[in-house]
Amino acid sequence: MFDGYFLNKVSAQYEDRLLIIDTINLQAKVDYMSILKKNGFDLVLYQNDLQLRLDLECRKAAEKIAIIAHPMDYIPYDIRQRFFSFELKLESLFPRLNAEAIINFPGLNYDLLTMAYEDDFDDHYEFDQTEDFIIEKAYSKDNIKEFVDTIYASINDDLLKANNIKDWYAIAMQKARADVEGAKANFYGNDSLCNSKFQEFFLAKYGALTMEIDKNGPVLVKSAMEFMHDHSKKFVVIVMDGMSLFDWQVLKTTFIDLKFHEGKSCAMLPTTTSISRQCLLSNKFPVELEEPWKQSKEKAEFIQCAQAMGYDRLQIDYQRGYDVEFATQIKCGAIIINDIDDMVHAQLDGRAGMFEDVGKLAKRCKLAKLVKSLLNAEFDVYITADHGNTPCVGIGKLKNTGIETETKSRRMLVLKDFADKQKYLNTYGMIELKNKRFLQKEFDYLLCAEGQSFDAKGDIVMSHGGMTIDEVIVPFITFKAVENNG
């Protein structure tokens, strides 16, 4: 895998003072800074030589330090002498391959490349030879299977140590990476243990997450408006209905020329659009929503929330779709895009189908163009989702059982008739949300078990409404105007 390979190449196992000269902006392709952090390095990002000295002085007690700089940056001689220097370029990392072919391969997975490279000892110096090597070896079914198996083995080890939401964010991200590559070869890891452990954690800690703080995003989507208001003077939130971390891994390949920060957030339970998206836009808990099972009040809830935060009505706008322009006075905007949720509910080919459909959406670059236009208008832009999605097999359709009005979501029931509750728990193995702290107390809330939905018996579908890691943990992506407008 690339992590260990990279650490070996930069001599991180032997040196505790590293100077990495990134000649190719590799961080935009693969997050090697996180690899260094995970292995105990304090990072110093070069700004200027004076600031570098100040940063190093502040970290002089650190056991390990890595300076990240670029070729034109001036590094004083005495600092160069104290640090092991490595010029980060593809020719140094993969000397038997053609660097240009690597750079130009779209969405290249450096883990797959590394695994294939370490098992191959031939030279592939020419552009075409490297391209063929990537397609035939790096993306071979055997290599992908080994990658997915390795990631899931690592996830299962991490489950034993996961005791806070940030641990689960890291697991969810690893899982999304493995599932995306697996979708290309129609091979998937077994995520049952991961989902059962996450369910235990989330049921126990859901109420306490309101007290958690994360610098990269709101821990619960309910706090998204607060977070964005606190971090931006002028912003737009793009809510991609139903977008999971899996979907984001595909979409984000179109943002390679923009700077963004990747965070995570947790959907509200049940993970339906009417509940979680309204909570996201209103800064309210489900019990506080005027119409928790309908979306007719969504726009009004958003406007009311923005006004409560101090925005004048003329500074607030709510729109849908990609062809959006905001008036110059707008300071707080919301855009709802339903494409991914529509794909989820029309999906006939599971994760492989989602990969294909979201890939086609990504190639149209509609989302990237929208983000660029908003950044040019000096908005900070946040992309997030109300909930994710998960593969399911239908266990049979139900009719006239609950009050939940969003009929597309078939992974949960809201019951008035408490006498029926035990029947559904026993017959379908459903999960009861006994902690109703955020919900209306007069109803009972039942969620389908992992991998099940109330669709036609045996149908393979994508759905949401339950409590799997893919439904709950969603992307929260930040694009700052000041970082992207030169």
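I take contact to mean heavy atoms within 4.5 Å. The model is predicted, so I note that local features need pLDDT of at least 70 and side-chain atom pairs count only at pLDDT 80 or more, while totals for chains, interfaces and linings use all residues. Residues are numbered from 1 along each chain as its sequence is written, and side-chain values use heavy atoms, with hydrogens and water left out.

**Entry 1: Phe94 and the cores.** I looked up Phe94, leaving aside residues up to four places away in sequence, and found that Phe94 touches Phe2, Tyr5, Ile102, Tyr110, Leu113, Thr114 and Tyr117. A nonpolar core is a set of buried Ala, Val, Leu, Ile, Met, Phe, Trp, Tyr and Cys residues joined through side-chain atoms within 4.5 Å; buried means under 20% relative accessible area, exposed over 50%, and partly exposed in between (1.4 Å probe, protein chains only). The largest such core has 149 residues, and Leu36, Phe94, Trp168, Ile238 and Ile383 touch the most other members. Its largest share, eleven residues, comes from helix 10 (residues 165–185). I also noted another core, lying apart, of 13 residues, including Tyr46 and Ile79.

**Entry 2: Helices 7 and 9.** Helices are DSSP runs (H or I, at least four residues), numbered from the N terminus. I recorded that Asp111, Leu112, Met115 and Ala116 of helix 7 meet Asn143, Ile144, Glu146 and Phe147 of helix 9.

**Entry 3: Glu136.** I located Glu136 in helix 8 (residues 127–138). Glu136 counts as exposed because its relative accessibility is 56%.

Methods:
Helices (H or I, at least four residues) and strands (E, at least two) are DSSP runs, numbered from the N terminus.
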